[in-house]
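I opened the model today to look up a few local features and to write down what I found. My notes follow the sequence and structure.

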There are 2 protein chains.
Amino acid sequence: MKTAITVAIVEDKEPIRQSLAILVDGAEGFSCQATFETAEAALDYLPTHCVDVVLMDIDLPGMNGIDCVRHLKALCPHMQFMMCTMYDEDETVFDALKAGANSYILKRSPPHKLLEAITELHEGGAPMSSTIARKIASSFYVSPAAPNELDILTTREREILDRLSKGHSHKEVANELFVSPTTVRKHIFNIYQKLQVHSKIEAVNKYLGRK
Amino acid sequence: MKTAITVAIVEDKEPIRQSLAILVDGAEGFSCQATFETAEAALDYLPTHCVDVVLMDIDLPGMNGIDCVRHLKALCPHMQFMMCTMYDEDETVFDALKAGANSYILKRSPPHKLLEAITELHEGGAPMSSTIARKIASSFYVSPAAPNELDILTTREREILDRLSKGHSHKEVANELFVSPTTVRKHIFNIYQKLQVHSKIEAVNKYLGRK
DNA sequence: CCGACAATACCGCATTTGTATGATTTTGAA
DNA sequence: TTCAAAATCATACAAATGCGGTATTGTCGG
């Protein structure tokens with residue numbers, strides 16, 4: 001039998017904390033090592049007492065769960081943090097991820113889902129409740145309602161601009177695209193003509209839509 | 001019984017396309033409406049023939065799957081796109097999300113996981129393979145160890161970087177700041193050292209907070 | 001079939017830029 | 001006030017870049 005996944009719980013509400021602890025401890029392959037009512041208590045104990053996964057409520061008295069994760073993640077980068085909360089507001093979700101949360105699960109998730117998520121988290125995944133995952137994925141989407149100055153560029157030209165924008169030199173782009181450096185230079189020259197610019201930075205600025 | 005989830009598949013490799021179609025069509029509650037070998041074929045058909053979910057390979061001959069999603073998502077915002085591919089490289093993943101992909105699954109996922117994912121996607125989730133999810137979640141994390149790389153720059157250095165970011169050359173910046181071009185170059189060189197970069201574009205990207 | 005255009009490639013030149021070394025003056029905080 | 005950092009300037013060289021011209025090939029629409 002494999003070693004159980006060790007878990008800590010940070011949750012101020014007594015009944016929820018208790019039932020989470022019982023759920024985790026009662027399940028095969030999981031072991032609840034500690035529970036805390038406050039962020040401060042967790043910050044005090046956890047840095048010196050390693051666990052695999054921390055279930056973190058957000059709405060805590062005193063320091064909130066997000067700031068708690070920020071501090072703990074800095075001290076124990078290997079520890080996995082699962083936000084476990086009622087809210088699914090945008091700001092909260094993204095703030096949590098920025099702070100170092102690895103997972104974000106809504107409390108209304110059924111118990112077996114929670115255990116599944118803990119396992120997935122421990123195995124290197126980043127389990128998210130579906131509405132949360134959708135929010136995150138959507139945050140990357142850039143509407144194609146962009147200015148069409150770039151439409152006059154050919155596919156190849158856009159490809160080259162894209163690489164230039166990542167800071168690659170002529171030569172590097174040439175190697176990446178398996179063409180000669182002179183070809184790349186020619187393309188770049190054509191791009192400058194079309195965009196009416198005279199340097200890489202100006203071209204990249206137009207390409208990325210910065211003004 | 002509920003209406004089946006309608007699915008389209010875009011995949012150039014015959015055996016994979018076939019087995020995906022059979023898997024989807026054979027399962028209760030799913031219906032494979034169409035399959036395409038190329039992005040172009042999908043772009044031609046799908047805008048006028050609604051489906052719920054599109055399974056999209058990335059590595060296609062001609063137009064790639066990401067650009068295909070970009071076009072289709074603009075035409076059919078309600079359609080859900082699941083990237084279904086071998087690769088889990090950073091750039092590919094994020095480009096796909098920017099293009100409008102709602103889900104990203106590695107081909108090595110077991111069949112039942114794929115069907116689960118389609119259902120979850122259709123119900124408003126954003127199913128991701130675990131390594132992908134981790135990448136995405138991590139991309140938000142801002143390490144407190146390096147709060148802001150730009151903090152180590154002096155006022156003058158920031159001033160110069162700001163003008164560089166507008167596309168000005170060394171000489172232009174020198175004139176604007178009433179100093180000699182060599183001074184500007186010295187500053188720029190110092191900036192490169194501090195930011196650990198070797199070109200204007202890379203420096204500007206860091207300055208403007210791109211990756 | 002033809003013409004337009006994209007992509008490829010080369011040559012050459014002037015300028016800009018990246019890197020290095022060294023030095024002087026200003027400024028700000030200890 | 002004293003010291004360190006910041007800002008200034010110079011010289012030099014190699015590499016990258018911007019700009020001009022020319023040419024071949026392939027594709028696509030008319």
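Before checking a helix I noted that its expected span is 1.5 Å times one less than its number of residues. I also kept in mind that this is a predicted model.

Entry 1, helix α9 of chain A. I took the 15 residues of α9, residues 181-195 of chain A, for which the rule gives a span of 21 Å, and I found the end C-alpha atoms 21 Å apart, which agrees.

Next I asked which residues of α9(A) are buried. I listed V184(A), H187(A), I188(A), I191(A), Y192(A) and L195(A). These cover an arc of only 145 degrees around the axis, which puts them on the same side of α9(A). I recalled that an α-helix has 3.6 residues a turn, so residues three or four places apart point the same way. On the other side of α9(A), I found T182(A) and R185(A) exposed. I then looked for what covers the buried residues, and the cover includes α7 (155-165), α8 (170-177) and α10 (200-207) of chain A. Just after α9(A), I noted that Q196(A) takes a positive phi of about 60 degrees.

Over residues 6-122 of chain A I recorded 45% helix and 22% strand, with the end C-alpha atoms 10 Å apart.

Leaving aside neighbours within four places in sequence, I noted contacts of K107(B) with residues including E11(B), K13(B), D57(B) and T85(B).

Note on methods: Residues numbered from 1 in each chain as written. Chains lettered and ligands numbered in written order. Predicted model: local features only at pLDDT ≥ 70, side-chain atom pairs only at ≥ 80, totals over all residues. Heavy atoms only, no water. Helix = DSSP H or I, 4+ residues; strand = E, 2+ residues; numbered from the N terminus. Buried < 20%, exposed > 50% of the residue type's maximum accessible area, 1.4 Å probe, protein only. Arc of directions from axis to C-beta. Contact = heavy atoms within 4.5 Å.
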